[in-house]
Amino acid sequence: MSALTQADPAAARSDAAPEKELRPPSYWPFVVPALVVVLAIIIFPWVFTIWMSLNEWKVGSPTTFVGLSNYLRLTSDPRFIEAVGHTMVYTALSVLLPLVLGTFAAVVFHQKFAGRGFLRGVFIMPMMATPVAIALVWTMMFHPQLGVLNYILSLVGIPAQLWVFHPATVIPSLVLVETWQWTPLVMLIVLGGLAAIPTEPYESAQIDGANLWQMFRFITLPLIMPFLFIAGMIRMIDAVKSFDIIFAITQGGPGSASETINIYLYSVAFTYYDLGYGSAIAVVFFLLIVLLAAVMLYARQRMVWTEIASDA
């Protein structure tokens, strides 16, 4: 009798276990709203964009399914190919210059001197300004006759430049604006890396007679390299999709000399109202950003494994 009474609770638990397993998860009411938002804001627009890219769709005309014709058209579109080249040049310069200048500024502001906090605050002010306001100010500064930049050049005997009004100088001029705005971001990221470096390696290097350049080259630079990769990836993604400053200053001009993929996409979709072809450009543009990010992540992983192998 006692054996039966001892077995009864176990049997009851085994009978109740299947019922407990079939019970729906209690967290679904909290997950469903997030899934709805993701589907509505992220997934649906991209699915709809891909669908539009497979159709010939101009505003006011019915849609016609054309398959991959819009994508094949990109390979023979000289204006799109030119826009890709402009985007690559603009992105490369907009990443390289802020990385170099931001690292130099971080090293300078990492030192202890009077007024360092105030000067740091002044230095990061361009990063807080709105892009359109920055574009309007720099447009006035770039003016060939009335701009302050040419006035400064005249003080040192350099002839006036056309800046954004000449095809040869428009992209470097736009990169100048991009560098002025986003060098402080790189400086802040690198400052975080410098603050994490211990002082012992520098003390040992000073005992061994290393100079400032040798300490930066063999101690500082390798230790802040992960932070530079993060800053470079952020700047790359931001620069490759830059639109507001370019559009507000040049609108892709003069001619198409500063027309990047984003500006060309806007022109196709909202000036010529070719939504199908514009959607194909958007899809290719997104894949290009993903590819560039993947290349940088791959380089980051390779750098980590190389360091580990060398230490071993």
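Two residues are in contact when heavy atoms of theirs lie within 4.5 Å. Keep that in mind for this predicted model. Take the contacts between residues at least 6 apart in sequence: 66% of them join residues at least 24 apart.

Now look at the whole chain. It has 312 residues, and 34% of them count as buried. Its secondary structure comes to 14 helices and two strands. The accessible surface is about 18900 Å². Carbon and sulfur atoms account for 72% of that surface.

The UniProt record, an unreviewed entry, marks several stretches as "transmembrane region". Residues 88-109 are 100% helix and 0% strand. The C-alpha atoms at the ends of that span are 31 Å apart. Residues 148-168 are 38% helix and 0% strand. Here the end C-alpha atoms lie 20 Å apart.

Helix H8 covers residues 148-155, and Asn150 sits in it. Is Asn150 buried or exposed? Asn150 has a relative accessible area of 6%. The cut-off for buried is under 20%, so Asn150 counts as buried. What does Asn150 touch, apart from its neighbours within four places in sequence? The contacts are His143, Pro144, Ala160, Gln161 and Trp163. With Trp163 there is also a polar contact between side chains, at 2.9 Å.

Next come the charged side chains. Side chains of opposite charge can pair when their charged atoms come close. This structure holds five salt bridges. One of them joins the side chains of Glu259 and Arg79, with 2.7 Å from N to O. This pair links distant parts of the chain, 180 residues apart. Glu259 is in the loop between helix H12 (244-249) and H13, while Arg79 is in helix H4 (residues 78-110). The two partners also have their own levels of cover. Glu259 is buried, at 4% relative accessible area. Arg79 is partly exposed, at 29%.

Another salt bridge joins Arg235 and Glu178, whose closest N and O atoms are 3.0 Å apart. Arg235 lies in helix H11 (residues 212-240) and Glu178 in helix H9 (residues 170-195), so the pair ties together parts that are 57 residues apart in sequence. Both Arg235 and Glu178 are buried. Asp238 and Lys241 form a salt bridge as well, with the closest N and O atoms 4.0 Å apart. Asp238 is partly exposed, at 25% relative accessibility. Lys241 is partly exposed at 40%. Which residues make up the salt-bridge network? Glu178, Arg235, Asp238 and Lys241 are linked in it.

Go back to the loop between H12 and H13. Pro254 is placed there. The peptide bond from Gly253 to Pro254 is cis, with omega near -5°. Gln251 is found in this loop too. Gln251 has a positive phi of about 55°, although it is not a glycine. At 56% relative accessibility, Gln251 counts as exposed.

Follow the chain on into helix H13, residues 261-270. How many of its 10 residues are buried? Eight are, so this helix is mostly covered by the under-20% cut-off. Tyr264, Leu265 and Val268 are among the buried residues.

Finish on the outside. A nonpolar patch lies on the surface, with about 1000 Å² of accessible area together. Its members include Val37, Trp46, Ile50, Phe286 and Val290. Helix H2 (28-53) and helix H14 (275-311) are the elements that give two or more residues to this patch. H2 supplies the largest share, nine residues. Ile50 is found in H2. Its relative accessible area is 40%, and Ile50 counts as partly exposed. A patch residue needs over 30% relative accessible area, so Ile50 passes that cut-off.

How values were computed:
Residues are numbered from 1 along each chain as its sequence is written. This is a predicted model: local features need pLDDT of at least 70, side-chain atom pairs count only at pLDDT 80 or more; totals for chains, interfaces and linings use all residues. Side-chain values use heavy atoms; hydrogens and water are left out. Patches are made of residues with over 30% relative accessible area and no salt bridge: like charges are joined within 9 Å, nonpolar side chains (Val, Leu, Ile, Met, Phe, Trp, Tyr) within 5 Å. Accessible areas come from the Shrake-Rupley method with a 1.4 Å probe; for residues, only the protein chains shown count as cover. Helices (H or I, at least four residues) and strands (E, at least two) are DSSP runs, numbered from the N terminus. Buried means under 20% relative accessible area, exposed over 50%, partly exposed in between (1.4 Å probe, protein chains only). A polar contact is a pair of N or O atoms within 3.5 Å; within protein, one must be able to donate a hydrogen and the other to accept it, and residues adjacent in sequence count only if both atoms are side-chain atoms. UniProt positions are given in the numbering used here, feature names are shortened, and annotations may be inferred rather than shown by experiment.
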